[in-house]
Each structure stands twice: as C-alpha cells, then as structure tokens.
Amino acid sequence: MMEKNWVRIFTSTNYYKAELIKQALAVNNIDTVLLNKQDSSHRTFGDIEVYIHQQDFSEAIEVIIFNQINI
C-alpha cells in the first residue's frame, strides 16, 4: 500500500502516455511512481496510474500544461 501523501495525477490504458507524463515530471524533479494494473496476458484490461506527492500537485499540473501533454 502506498503512503498517504501520494495522489494519482494520471490514469490511462496507454503505457506510452503514462511514461511520457512520468518522464516530464521526473525532469522537473517531481518524484513519480508508475503503478501498472494491466493484466499481464491481456494488455487491454486495466490501467496504468501515475502517482506524485500531494504537495507537488500544482507544480505537476503546470509541467503537464507547459509541455502540452494531452491527457
């Protein structure tokens, strides 16, 4: 179980988009965790979630908007 101060900022079935979000945030020194809930044999079932520390939420939104990442 994750610590209480982590919040989900992005959810997708597209691993590539989730990784783009994670990398953009990491470049801006925002700690991220990718949680892959997809079925290992059927990639179409389940989500990939990106989590950040709650105190980084506003900055993370700014990074996503500045980088024009279409979520």
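Which element of the chain has the lowest mean pLDDT, and which the highest? In this predicted model, strand 2 (residues 32-36) takes the lowest place among the elements, with a mean pLDDT of 91, while strand 3 takes the highest, at 94. For the chain, the mean pLDDT is 86, and 83% of the residues reach 70 or more.

Spanning residues 57-66, helix 2 has Ala-60, Val-63 and Ile-64 as its buried residues. Viewed down the helix axis, these buried residues fall within an arc of 95 degrees, so they line one face of helix 2. That buried set packs against three elements of the chain, namely strand 1 (6-12), helix 1 (15-27) and strand 3 (48-53). On the other side of helix 2, the exposed residues are Ser-58, Glu-62, Ile-65 and Phe-66. After helix 2 comes Gln-68, with a positive phi near 55 degrees.

Is Ser-12 buried or exposed? Its relative accessibility is 12%, and because buried means under 20%, Ser-12 counts as buried. A polar atom of the Ser-12 side chain lies 2.8 Å from the backbone nitrogen of Asn-14. When neighbours within four places in sequence are left aside, Ser-12 is in contact with Asp-47 and Ile-48. Of these two partners, Ile-48 belongs to strand 3 (48-53), one of the elements against which the buried residues of helix 2 pack.

Key:
Residues numbered from 1 in each chain as written. Predicted model: local features only at pLDDT ≥ 70, side-chain atom pairs only at ≥ 80, totals over all residues. Heavy atoms only, no water. Buried < 20%, exposed > 50% of the residue type's maximum accessible area, 1.4 Å probe, protein only. Helix = DSSP H or I, 4+ residues; strand = E, 2+ residues; numbered from the N terminus. Arc of directions from axis to C-beta. Contact = heavy atoms within 4.5 Å. pLDDT = per-residue confidence, 0-100. Polar contact = N/O pair within 3.5 Å; in protein donor to acceptor, adjacent residues only side chain to side chain.
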